[in-house]
Each structure stands twice: as structure tokens, then as C-alpha cells.
Amino acid sequence: AIDAAIEGDCPATDQRGVPRPQGPRCDIGAYERASVPTSGGSCVTFYNDTFSGSVTVSPGQNCGFVSGGVNGSITLNGGNLILSNAVVNGSIQIGGGTFLIAPVTQINGDLQVQNIANGGALNEICGANVRGNVQFHNNGTAVSIGSTASSCPGNTISGDLQVFNNTAQTVVADNNVSGNLQDHNKIGRAHV
């Protein structure tokens, strides 16, 4: 069905809003197979391929990698990022937006979440394998780094876990941390 639609039978977008075509011709059916985003470019849907460069997600963009990943790093400045069963060979830097890092995601670098302003969405890091350090500090948005709930299992962190100076609820539970744990300045914070 990929690139096999009849000429002239191609709406401008698929049912999710992904622009058509993503290849030389439109795909048959309700969904267009989205190509992997270019570095720093628009990231508008879920991808199951592996991108060779780095990806930036900006305000207004929704980006997800499922059963694929990024050989470079990911920067989230706004918008929404979802990783599930994905591999990120670089680091992830989050300074805005919302995120869900779901089970069976592997991050081969560091995961740094800092300076996010007050936010209403609960962000989660669940069941991931982080081979570097996890730093969560100076944030005004809620996060669960693992949980006692089965829907958000704990993480495996090969480096250090640093959680400090956050003004929103921060849950840290059921994680396996090989490095050091730094946890202080608990203003507005709940710790399980």
C-alpha cells in the first residue's frame, strides 16, 4: 500500500493530519507512512524507523519514536515527545514541553530535564534503561521517575540520579540506580 495510491485520489493530509505524500506518491488507506524527520525539522507523528542525526522538537510539534529511534541526540524545547520501545544513542535534553519515556526505551547517553516552567501535564519516565546520568532539577512541572503503579515501572539508571530544586510534585520510586543518588531541596515535592 506504500506509495501505491491512484493519482488524484490523495487528500492533502491523512486522518492524523500528517501531510501527504511522504514519498513519491500517496499511500493507500487512512494513514500515510511518515518518513523520519530531518535534523532540527518538523516532527509531526509517530515513527518506527531510526533517524541517523539529532532531532529537535519545538512548541506545537508532536513527536514519537516507537520501535525505532535516533542515532543522535534529542532536544525537547516544547511540544510533546513520546518514546516507547525506542533506542536513543545520544543524550536527551528537555527544557520545555511534555514527555513520556515509556518501557523498553534505551537511552545510551544522559537524560537531563531542567528549567521547565509550571505545567499541568504529568511527565513520566517509566521502565527505561538509561546508561548515563538522570538529572531532574529546577522544574515547576510534575514528574514520575518510576512509580509503584504497574503502569509506570521503575527505571534502570547506570549513572547518577539527581533530583533537586523542583517546585512541583516529583515521584521517585522503584528505580535501580548504579551511581549516586542526590535528592534535596524538597519544596513542593512528594517522594514515594
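Tutor: The backbone nitrogen of N138 lies 3.3 Å from a polar atom of the N166 side chain. Please keep in mind throughout that this is a predicted model.

Student: What makes the approach of the N138 backbone nitrogen to the side chain of N166 a polar contact?

Tutor: The cut-off for a pair of N or O atoms is 3.5 Å, and the distance here is 3.3 Å, so the pair falls within the limit for a polar contact. The side chain of N166 also reaches the backbone oxygen of F164, again at 3.3 Å.

Student: Where does N166 lie, and why is N166 called buried?

Tutor: N166 lies in the loop between β18 (161-164) and β19 (170-172). Its relative accessible area is 1%, and because buried means under 20%, N166 counts as buried.

Student: How do you know whether N155 is buried or exposed, and which residues does N155 touch?

Tutor: N155, in the loop between β16 (143-145) and β17 (156-157), has a relative accessible area of 2%; since the limit for buried is under 20%, N155 is buried. Leaving aside residues up to four places away in sequence, N155 touches I125, C126, G127, A128, I145, G146, D174, N175 and N176, where touching requires heavy atoms within 4.5 Å.

Student: What label does D49 receive for its accessibility, and why?

Tutor: D49, which lies in the loop between β1 and β2 (50-51), has 24% relative accessibility. Buried would need a value under 20% and exposed a value over 50%, so D49 counts as partly exposed. D49 and G68 are 19 residues apart in sequence, while their C-alpha atoms are 4.6 Å apart in space.

Student: Why is the meeting of the E7 and R25 side chains called a salt bridge?

Tutor: The N to O distance between the two side chains is 3.7 Å, and the rule asks for a side-chain nitrogen of Lys or Arg within 4 Å of a carboxyl oxygen of Asp or Glu, so the pair of E7 and R25 qualifies as a salt bridge. E7 and R25 both belong to the segment before β1 (46-47), and the pair, 18 residues apart, links distant parts of the chain. By this rule the count comes to one salt bridge.

Student: What accessibility labels do E7 and R25 carry?

Tutor: E7 has 63% relative accessibility and counts as exposed, because the threshold for exposed is over 50%. R25, at 33%, counts as partly exposed, because that label covers values between the 20% and 50% limits.

Student: Turning to the strands, how do you know that β4 and β7 pair?

Tutor: Pairing requires at least two bridges, and five bridges join β4 (residues 62-66) to β7 (residues 80-84), so β4 and β7 count as paired; they run parallel, and the bridge partner of F65 in β7 is L83. Strand β7 is also joined to β10 (residues 98-101) by four bridges, again in parallel, with N80 standing opposite T98 in β10.

Student: What makes β14 and β17 a pair?

Tutor: Strand β14 (residues 129-130) and β17 are joined by two bridges in the parallel sense, and because the rule asks for at least two, the pair meets the requirement. Within it, V130 stands opposite I157 in β17.

Student: Why are β2 and β20 described as standing at the edges?

Tutor: Seven strands form an open sheet in the order β2-β5-β8-β11-β14-β17-β20, with parallel pairing. β2 and β20 (176-177) each have a single partner strand, so one side of each is left without a neighbour in the sheet.

How values were computed
Residues are numbered from 1 along each chain as its sequence is written. This is a predicted model: local features need pLDDT of at least 70, side-chain atom pairs count only at pLDDT 80 or more; totals for chains, interfaces and linings use all residues. Side-chain values use heavy atoms; hydrogens and water are left out. Buried means under 20% relative accessible area, exposed over 50%, partly exposed in between (1.4 Å probe, protein chains only). A polar contact is a pair of N or O atoms within 3.5 Å; within protein, one must be able to donate a hydrogen and the other to accept it, and residues adjacent in sequence count only if both atoms are side-chain atoms.
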